Every structure is written in C-alpha cells, then in structure tokens.
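Colleague: I would like to go through the labels in this model one by one. Please set each value against its cut-off.

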Amino acid sequence: MTNSHSLARTITPRTRDLRWPVSAALVGLALSAPLFLGTYAVHALVVAMIFLLPAHGLNLLVGYTGMLSLAQAAFFGIGAYCAALMSTHFGTSFPVNLVASVVVAMAVAVPLGIPALQLRATSFVMCTLGFVIITQAIAKNWISVTRGDMGLSGLEKPTVAFFGWSWTAGSAQEAYYLALATAALATFVFWLIVRSPAGRNLVAIRENETLAESLGVPTWRYRLAAFVIAAGFAGAGGTLYAQYISVASPLMFQTLYTTTMLIIVLGGGAGSISGVVFGSVLFVALSEGLRVAPEMRMIAYGFCLLVLVFRFPRGFAPYLALIWDRIGGITRKEGSA
C-alpha cells in the first residue's frame, strides 16, 4: 500500500520538444560571445571556464561519491607549476603541458589518497586541508625551483601546435575559445565518467557505502579512483590558468580558490553537470565582474551567497532541470497518492 504522505509524480506531454533548438542557440551564444562582449567580460568568462575544470573534479567527489575534499586547490597549483616549469625550461606547447600537468597531479594524488581515504568525514577533510598548506609552503620555500613568493612569471601564452601548424591564444578573445574548447572537452569526459557503470557505482557508494560493499563493489578502490581523477581535473585547470595569466605563484594554493570551487559545486547543485556549469559562470564571472567596484565587491558577493543559501538550499540544479523539462514540452505535477 502506498503511504498517504508520499508524493506521486505524473509526467504529461505539453508542447513540442524545443530542447534541440535551444541547445543550438546556447552553443551559438557561447561561440559568438566575444563578438559582442567587452574585453573584461570575456576575461571573466575565461576565468569561469578555467575554474569549471577543478569544480568538475570536486563535483565527482562531493556530488557523486559523497566525499568532501579541500585538496583541489593544491592540485590546481601543482598543475600550474608543472605547466610553468615545462614551458619555461622546455618550451613545450599547451597540449603537452596540459597532459603533463594532469598526469603529475594524478600521480601526486595516489600517495596522498591511499592513507587519507582510510580516514572518515572530518578527519579526511582536515587531512586534505593540511595537504594544501604543505604544498603552499613548498611553493614558497623551494626557491631554487619555484622562485618563492616571486613565482614563475613571464610565461608564454598558450600555444597549440600540430605538425608544423601553430596557434597562440594571445588576446582575451583567443583565450576564450581555447578555454571554451578545453572546458567542453573536460565536461564531455566528466559526462562519460558519471554515465559509465563506474559512475553508477560511485553514486551507490554515496547513497550507502556499506550496502554497495556488500554487493561486491570495491568501495575503497572506487573512492581512490575518484580522488585521483578529481586531481587530474584540477591539474588541467591550473595549467590553463597559469598560461592564461602568465604567472604561477604560491597564491594559487590559497583557500580562496578552494572556497570558490565549493561555491560553484554547492551553489550550482552537487551531482549535476549543468548545475556546476551554470554555477561556474554565475559565481566566478560575478566575482570577477564585481572587481570594478572593489569597495562593494565582497559585500555584494556575500549578499548573493546569503540569498543562495536561503532561497536555493539545494543549488540551482533542480530549477535548471525544471526549466529544461518545460522547454522539452514536459510538465511534472506532484500530488498525493
């Protein structure tokens, strides 16, 4: 018998499906944005797409596996320094730097994740925070390699080169298209991961780890894999960021970046790809846009976060899903059973 307090959802067709035309319009808008936006607005969107990469990794941990990690900023900085060192000493192109940073970030995540994932809840969070502090201290004090607080500056702008052809993202508009292509590729890879059987196992671990383990899912291995993959996403973001602003410095390990990634995931909607994409554009672009009014920037940003907490406690993802259903000609009605 159905509980009288339960809710039954009925899905009824409304109008014709407009999702494909709307999707095409959104793609066209993304491709044409630099043509009608100013340089600073384009810069804000570039930063938003850069932070989308580590946010995808954090979403894999928080939204799909149920683990809160503060180490994304550390892997973001590791990726930035890896790209900076390779570009400075070997003159490698952006794709090579990107792959190397992802590999290095994932390689560092393995020896950290093996002991850290033996911990639970608060202890795991504190362990990842400690790792961020350690990596920032190394970046400040290993002066012979990192140049300390001065950082590695004067990096070349990202260059894509294949078989004698090369293209350099020297302007904000060109950097926008490089960031857009990188973010789109990362989003596609993330979609493949969470839609795979492994992704469904991660959700099972999030919902009930004990039950998932009793069904034969090697939960610890999946959690370690998610942690390592998340580090790879952060390393990719650090590469793009360092080469875009032409600097790699210890400031990239600061907790502000960790907070930004958390806001993107939780504000956009943990466990939702579209929510995190929307969150990156909204919160990072909003923060960058408010730099024109530095006296009011943090007050306005804090006010926006308060509105988010009270008005959208689960983030924007449920509302985005509702809008998408309406565009698709579907109405979801809730009523008593």
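Modeller: What follows is a set of questions on labels, with the values behind them.

Modeller: This is a predicted model, where local features need pLDDT of at least 70, side-chain atom pairs count only at pLDDT 80 or more, and totals for chains, interfaces and linings use all residues. Residues are numbered from 1 along each chain as its sequence is written, and side-chain values use heavy atoms, with hydrogens and water left out.

Colleague: Why is Thr 135 called buried?

Modeller: Buried means under 20% relative accessible area, exposed means over 50%, and partly exposed is in between (1.4 Å probe, protein chains only). Thr 135 has 9% relative accessibility, so Thr 135 counts as buried.

Colleague: Where is Thr 135 found, and what does Thr 135 touch?

Modeller: Thr 135 is in helix α5, residues 121-141. Helices (H or I, at least four residues) and strands (E, at least two) are DSSP runs, numbered from the N terminus. Leaving out residues up to four places away in sequence, Thr 135 touches Ala 74, Ile 78 and Phe 253. Contact here means heavy atoms within 4.5 Å.

Colleague: What makes Tyr 81 and Phe 253 an aromatic pair that is stacked?

Modeller: Rings of Phe, Tyr and Trp (its six-membered ring) pair if their centres lie within 6.5 Å; planes under 30 degrees apart count as stacked, over 60 as edge-to-face and the rest as tilted. The structure holds 18 aromatic pairs. In the pair of Tyr 81 and Phe 253, the centres are 6.0 Å apart and the planes are at 25 degrees, which is stacked. Tyr 81 lies in helix α3 (residues 72-90) and Phe 253 in the loop between β5 and α11 (255-268), so the pair ties together parts 172 residues apart in sequence. Both Tyr 81 and Phe 253 are buried.

Colleague: Why is the pair of Phe 278 and Phe 316 called edge-to-face?

Modeller: The ring centres of Phe 278 and Phe 316 are 5.2 Å apart and the planes stand at 70 degrees, so the pair is edge-to-face. Phe 278 is in helix α12 (residues 273-289), and Phe 316 is in the loop between α13 (294-311) and α14 (317-327), 38 residues apart. Phe 278 is at 34%, so Phe 278 counts as partly exposed. Phe 316 has 15%, so Phe 316 is buried. One aromatic cluster is formed by Phe 278, Phe 283, Phe 312, Phe 316 and Tyr 319.

Colleague: How do you know that the charged end of Arg 311 sits over the ring of Phe 312?

Modeller: The rule asks for NZ of Lys or CZ of Arg within 6 Å of the ring centre and within 35 degrees of the ring normal. The charged end of Arg 311 is 5.2 Å from the centre of the Phe 312 ring. Lys 157 lies over the face of Tyr 244, at 5.6 Å from the ring centre.

Colleague: What makes β3 and β4 a pair of strands?

Modeller: Two strands pair if DSSP finds at least two bridges between them. Strand β3 (residues 159-162) and strand β4 (residues 165-168) have 4 bridges, in the antiparallel sense. Val 160 stands opposite Trp 167 in β4. Phe 163, in the hairpin of β3 and β4, takes a positive phi near 50 degrees.

Colleague: How many disulfides does the structure hold?

Modeller: The structure holds 0 disulfides. A disulfide is a pair of cysteine sulfur atoms within 2.5 Å. Cys 82 has 13% relative accessible area, so Cys 82 is buried. Cys 127 is at 27%, so Cys 127 counts as partly exposed.
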